[in-house]
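Here are my notes for your first read of this model. Keep the structure open and follow the points in order.

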Amino acid sequence: MSPSWITRPEGAGDVAAIRDINLAAFPTAYEADLVEALRADPQAWLPGLSWLSETPGGEPAGYALLTRCHVGGEPALALGPCAVLPEHQRRGAGGAAIRAALDAARERGENLVVVLGHAEYYPRFGFTTASGHGIRPTFDVEDKYMMALALDPERPIPTGLMRYASAFGI
Ligand SMILES: CC(C)(COP(=O)(O)OP(=O)(O)OC[C@H]1O[C@@H](n2cnc3c(N)ncnc32)[C@H](O)[C@@H]1OP(=O)(O)O)[C@@H](O)C(=O)NCCC(=O)NCCS
């Protein structure tokens, strides 16, 4: 059975656990290093938008991060990295962290979120192709992998070129 995941924003003691989750989930240290570079960049890092999901016993298992990016020169959010410890994958930990991060962003009044990732995974959170929203990346990528979501569909969203925070190195 899948545990009920408890979600909470990153706290002061979570830096090592977040690094460990990213190191375990991805083949290289790129994402673990990226989180640390983003945390050190006040233009990219927004307090309260780095989320963990943990087991009822308090073991951090899943992680989702939203950082500042720009679309058409207007502020938006980039989702990622999203990571789950391999032993906890496909049991809801990733989805719980992502939903919690998106809810926190909505509460902050943010609207547009862009993600580059698994085309089969992110639509369950409401993401659709970024191109369908008039948003395009600064690099070549197959259309289906760049997705976007308006947290409040009633509000207009910016269109145009999407630029990540400089830490992404894109
Ligand atoms: C991708 C990831 C964050 C998803 O978190 P998770 O807790 O494993 O997934 P959830 O339990 O929330 O959701 C499970 C669903 O995700 C799907 N899923 C998991 N990993 C996937 C992948 N690599 N590609 C496509 N779908 C994936 C499963 O098929 C499952 O679908 P189902 O509900 O229809 O059966 C996690 O598996 C992970 O860390 N993977 C390795 C790192 C990675 O690829 N990160 C994302 C980069 S875009």
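1. Start with the record. UniProt lists residues 5-152 as "domain: N-acetyltransferase", in an unreviewed entry. The model itself is predicted. Within it, the end C-alpha atoms of residues 5-152 lie 25 Å apart. The span is 24% helix and 34% strand.

2. Now find the helix pair. Helix 1 covers residues 15-25, and helix 2 covers residues 30-39. Their axes are 7 Å apart, and the packing angle is about 150 degrees. Angles over 145 degrees count as roughly antiparallel. Helix 1 and helix 2 are therefore roughly antiparallel to each other.

3. Which residues make that contact? Helix 1 brings Ile18, Arg19, Asn22 and Leu23. Helix 2 brings Glu31, Ala32 and Val35. By type, the residues of this contact divide into 4 nonpolar, 1 polar and 2 charged.

4. Move to the ligand. There are 17 residues around it, and Gln89, Gly94, Gly95, Gly117 and His118 come nearest. Two elements give two or more residues to this shell: strand 4 (74-84) and helix 3 (93-107). The shell divides into 7 nonpolar, 7 polar and 3 charged residues.

5. Check the backbone next. Most residues other than glycine have a negative phi, and most peptide bonds are trans. Two places here deserve a look. A cis peptide bond joins Gly80 and Pro81, with omega about 0 degrees. Pro81 sits in strand 4.

6. The other place is Arg90. Its phi is positive, about 65 degrees, although Arg90 is not a glycine. Arg90 lies in the loop between strand 4 and helix 3. Is Arg90 buried or exposed? Arg90 has 10 inside 10 Å, so Arg90 counts as exposed.

7. Finish with Ile135. This residue belongs to strand 7, residues 135-136. The cut-off for buried is 20 or more C-beta neighbours within 10 Å. Ile135 has 22 inside 10 Å, so Ile135 counts as buried.

8. What does Ile135 touch, leaving out residues up to four places away in sequence? The list is Val71, Val114, Ala130, Ala148, Thr159, Gly160 and Met162. Ile135 and Thr7 are 128 residues apart in sequence. In space they are 30 Å apart, C-alpha to C-alpha.

Methods. Residues are numbered from 1 along each chain as its sequence is written. This is a predicted model: local features need pLDDT of at least 70, side-chain atom pairs count only at pLDDT 80 or more; totals for chains, interfaces and linings use all residues. Axes are lines fitted to C-alpha atoms, for helices over the stretch in contact, and angles run from 0 to 180 degrees between N-to-C directions. Helices (H or I, at least four residues) and strands (E, at least two) are DSSP runs, numbered from the N terminus. Angles under 35 degrees count as roughly parallel, over 145 as roughly antiparallel, 65 to 115 as roughly perpendicular and the rest as oblique. Two residues are in contact if their C-beta atoms, placed from the backbone, lie within 7 Å. Ala, Val, Leu, Ile, Met, Phe, Trp, Tyr, Cys and Pro count as nonpolar, Asp, Glu, Lys and Arg as charged, and the others, Gly among them, as polar. A residue is near a molecule or strand if its C-beta atom, placed from the backbone, lies within 6 Å of it. A residue is buried if 20 or more other C-beta atoms lie within 10 Å of its own, exposed if 12 or fewer, and partly exposed in between; C-beta atoms are placed from the backbone. UniProt positions are given in the numbering used here, feature names are shortened, and annotations may be inferred rather than shown by experiment.
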